[in-house]
Amino acid sequence: MSSNITANWSYPTSVKLGRGRIKELADACKSLGIKKPLLVTDRGLASMAITSNALDILEDAGLGRAIFADVDPNPNEKNLEAGVKAFKDGGHDGVVAFGGGSGLDLGKCVAFMAGQTRPVWDFEDIGDWWTRASLEGIAPIVAVPTTAGTGSEVGRASVITNSVTHVKKIIFHPKFLPGVVISDPELTVGMPKIITAGTGMDAFAHCLEAYSSPFYHPMSAGIALEGMRLVKEFLPRAYREGTDLEARANMMSAAAMGAVAFQKGLGAIHALSHPIGAVYNTHHGMTNAVVMPAVLRFNRKVIEEKIGRAAAYLGISGGFDGFYDYVLKLRSDLGVPETLTAMGIAADRIDELSAMAIEDPSAGGNPVAMTLENTKALFRDCF
């Protein structure tokens, strides 16, 4: 397969994958009826060449030049309020969500909240809370991922951190799903190694947890399995050689697949990682990678056979043990810290983190039921 991977997918939304396809950004906006887009990204990307290039493309097509980049690494409701204000004050009619998880999540949420009068917390992913939303005034979204991890570009939710309680909340609505996605692997070439590793392990964690989740969703399980295979084959390549466009394109696919697959559920990796990220502001994907082996041990008695099947598909011998050893080697090859201690986190808030973890929506998808007691033990095992 050459590095010139190009594809147009209509599932789960319109995805335009291939090098140089950022030049189709203005057409993507026009196809959704957007005449005056607001590009939403994070502070780190605001001054980068890929971002000014995207703004040039919009401006040259007569769509104006507007950017909102007041976005924290873990976006919160203050960023959201400022973004909605910028959207309304500028008279915008659509959002280009541009960046990694934080830029994508906040951009999607800005487009959604532009049409709401209720506070964002009223649309948390609980029961049918999403039906409270007013459909009028929700703006169309074009998503442009610049990392290959969260898969937020094909997701129907955003993670927003409550700046008061430091709890990450999943805000859900079907309209969060962008109308068009442009996945241009050239935009991911500039990712530093540590971000390539962290985002890639996030994609792997999504696939692994979705596959392991006990819920019935064979379509998602199949997508998760192939997503893991792509990570196994291409993440080490993207990490070693950042300009390897074939590896970068396949990692973008794996990231999108992880986000599609986790409709089946997530589990303890995310239930632990969310509170750690909210309290200590750690990188989400890297945190997932740190706690992954402890969670595999925790779930072993329930998922051993299932992981054996995955190992066989991935060309790993030795069943569960072989898979577990593979995860340890992958982590070490990517420079992932071995424990939370090595990540610089003290073990003095386990009780608080455990209480947050069992409340996290991801906890319900773990193969072994999470209780306060066994979650404390699991956290201790991560230090």
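What is the volume of the largest cavity? The largest cavity comes to about 90 Å³, and a search of the whole structure turns up 2 cavities of 30 Å³ or more. Please keep in mind that this is a predicted model.

**The largest cavity**

- The lining of the largest cavity is made of 14 residues, and those closest to the centre are Leu208, Glu209, Ser212, Val295 and Asn299.
- Two helices, α6 (193-212) and α10 (284-313), each supply at least two residues of this lining.
- Helix α10 provides the largest share of the lining, with 5 residues.
- Sorted by class, the lining of the largest cavity holds 8 nonpolar, 5 polar and 1 charged residues.

**The second largest cavity**

- In terms of class, the second largest cavity is lined by 5 nonpolar, 4 polar and 1 charged residues.

**The open sheet and the helices across it**

- An open sheet is formed by 7 strands with mixed pairing, in the order β1-β2-β9-β6-β5-β3-β4.
- At the edges of this sheet stand β1 (7-9) and β4 (67-68); each has a single partner strand, so one side of each is left without a neighbour in the sheet.
- The partner of β1 is strand β2 (residues 14-17): the two run antiparallel and are joined by 3 bridges.
- Within that pair, asparagine 8 has lysine 16 of β2 as its bridge partner.
- Helix α5 (residues 101-113) lies across β3 (37-40), β4, β5 (94-99) and β6 (141-145), and runs at about 170 degrees to β5.

- Strand β7 (residues 157-161) pairs with β8 in the antiparallel sense, over 5 bridges.
- One of the facing pairs puts threonine 161 opposite lysine 168 in β8.
- There are 6 residues between the strands of this hairpin, and histidine 166 takes a positive phi near 60 degrees.
- Strand β8 (residues 168-172) is mostly covered, with 4 of its 5 residues buried.

- Alanine 369 sits in the loop between α12 (350-359) and α13 (372-380).
- Because its relative accessibility is 60%, alanine 369 counts as exposed.
- From C-alpha to C-alpha, alanine 369 lies 26 Å from glycine 155, and the two are 214 residues apart in sequence.
- Lysine 376 belongs to helix α13.
- Is lysine 376 buried or exposed? Lysine 376 is buried, because its relative accessible area is 15%.
- Leaving aside residues up to four places away in sequence, lysine 376 touches Ile350, Asp351 and Ser354.

Conventions. Residues numbered from 1 in each chain as written. Predicted model: local features only at pLDDT ≥ 70, side-chain atom pairs only at ≥ 80, totals over all residues. Heavy atoms only, no water. 1 Å grid on protein atoms, 1.4 Å probe; cavity = no way out; pocket = protein on both sides within 12 Å on 5 of 7 lines; lining within 4 Å. Points joined across faces, edges and corners; volume = space filled by probe spheres on them. Nonpolar A, V, L, I, M, F, W, Y, C, P; charged D, E, K, R; others polar. Buried < 20%, exposed > 50% of the residue type's maximum accessible area, 1.4 Å probe, protein only. Contact = heavy atoms within 4.5 Å. Pairing = 2+ DSSP bridges. Axes fitted to C-alpha atoms, helices over the stretch in contact; angles between N-to-C directions.
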